[in-house]
Amino acid sequence: MATSSTTGVSADIEVPQHWAAEGADPLTEIIDTFGRTHPDVRFENHSHHVSSLRLVVKSQVLREDPPDLWIEWPGQNIELAVQAGVIADITDVWERADLEGHFVDGAKEAARFDGRYRCVPTDMYRINNLFFNREYVQQAGVNFETVSNPAQFVNALETLDAALDVPAIIINGRDPFGPLQLWETFLIAHGGPDAYEEIIDGQPRRHQAAIESAVDSLDRTLQYAPGDVTFTSSSAADAAFVAGEAAVTHNGGWALGRMKDTSSFSYGHDWEYLPFPGTSEFYQMNMNAMVPAAQREHDETVLAFLEHLASVESLNHIADKVGGVPPRSDVSVDSLHPVTQEHHRALGTTSRQLPSMAHGLGVRPDIVIQLKDAIATFMQDRSVDATTGALVDALTSDA
């Protein structure tokens with residue numbers, strides 16, 4: 001474990017994160033700016049793929065040598081660690097920097113446990129997105145502005161498939177969270193926000209019909225995707241869309257970090273964005289947060305860095321680098337990508353912010369594993385009935 005400091009004079013701070021492994025590292029500049037006022041602080045800024053980062057952190061925690069800070073999905077994803085005493089209480093940071101008065105409600109809810117703050121949200125993402133290739137869609141005569149529900153969406157894919165020489169849709173299926181997050185987007189469209197919230201609260205059997213309809217919509221959608229989606233990563237799917245290898249794609253706003261600076265495939269000319277059909281009034285939400293280890297709870301150097309990270313300047317820099325939405329309401333988004341600006345507006349105008357299951361904001365990590373297992377099996381056997389049963393079992397509070 002890194003050397004502790006309560007004076008702020010000298011410290012080693014270990015920070016595992018996943019941004020750099022995905023092609024963008026906003027943390028390096030934030031560390032550099034912090035170093036101008038804390039020149040004796042040394043950071044170990046380690047990069048891991050998002051799928052392996054949690055295993056790395058968990059392994060260190062089990063060895064009783066946790067990193068000092070790490071990037072994680074908050075919400076229920078960290079609740080067990082909070083209960084186990086692994087994560088620090090940083091309510092003092094929130095109070096002295098008046099973060100509660102500036103962070104948006106969804107971010108505060110994901111960071112707060114029993115009235116105490118345990119992390120600093122860094123970047124938020126809308127998941128219920130539809131990105132589409134303008135040329136292909138126009139060539140096929142499809143107008144997604146008029147597509148308002150899952151059935152119409154699948155019909156549009158059929159039209160695209162008949163008219164084009166490329167797949168209608170690209171889906172990232174190597175890690176099951178790709179089809180899992182698409183399933184939960186369909187679930188919101190079929191069942192609405194009340195059903196969705198009751199489902200994540202452990203009452204899925206009341207809404208089994210909506211769960212089944214969402215699985216069926218996923219099954220129908222996969223008919224128009226390449227056959228090798230189980231080998232396609234999130235970044236590879238985004239790259240394939242940018243390369244013109246599919247007409248549409250569904251992914252969270254982090255895809256913008258990979259697409260926004262591609263001069264040969266520019267927004268508004270080559271590609272467009274709309275909220276996913278049937279979900280425009282809702283915000284299917286994921287976010288990252290900086291989580292502090294309990295061992296550094298009273299370390300003024302670590303607390304000072306968290307306060308620096310939560311500043312308007314730092315969060316604007318993160319959003320610009322990775323395509324996310326700043327979790328503070330007082331951060332100007334005027335210089336950010338137009339889709340990021342739209343996502344930022346949607347935080348204030350959509351009727352509900354719904355925490356993602358696929359990323360652990362809305363359900364416990366053990367349930368996420370069961371959901372991924374159910375979807376991974378579905379990707380092989382494509383049994384709507386069996387998958388519906390497995391999802392219901394996983395989400396039932398007494399399962």
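Predicted model: local features only at pLDDT ≥ 70, side-chain atom pairs only at ≥ 80, totals over all residues.
Local features need pLDDT of at least 70 and side-chain atom pairs count only at pLDDT 80 or more, while totals for chains, interfaces and linings use all residues. Residues are numbered from 1 along each chain as its sequence is written, and side-chain values use heavy atoms, with hydrogens and water left out.

The structure holds 21 salt bridges (a side-chain nitrogen of Lys or Arg within 4 Å of a carboxyl oxygen of Asp or Glu). One of them pairs Asp238 with Arg258, at 2.5 Å from N to O. This pair links distant parts of the chain, 20 residues apart: Asp238 sits in helix 10 (residues 234-242) and Arg258 in helix 11 (residues 256-259). Helices here are DSSP runs (H or I, at least four residues), as are strands (E, at least two), numbered from the N terminus. Asp238 is buried, at 1% relative accessible area, whereas Arg258 is partly exposed at 23%; buried means under 20%, exposed over 50% and partly exposed in between (1.4 Å probe, protein chains only).

Arg352 and Asp194 also form a salt bridge, at 2.8 Å. Arg352 belongs to strand 12 (residues 352-355) and Asp194 to helix 8 (residues 177-200), so the bridge ties together parts 158 residues apart in sequence.

In helix 5 (residues 105-111), Asp105 and Lys108 are three residues apart, about one helical turn, and their closest N and O atoms are 3.5 Å apart. Lys108 is buried at 12%.
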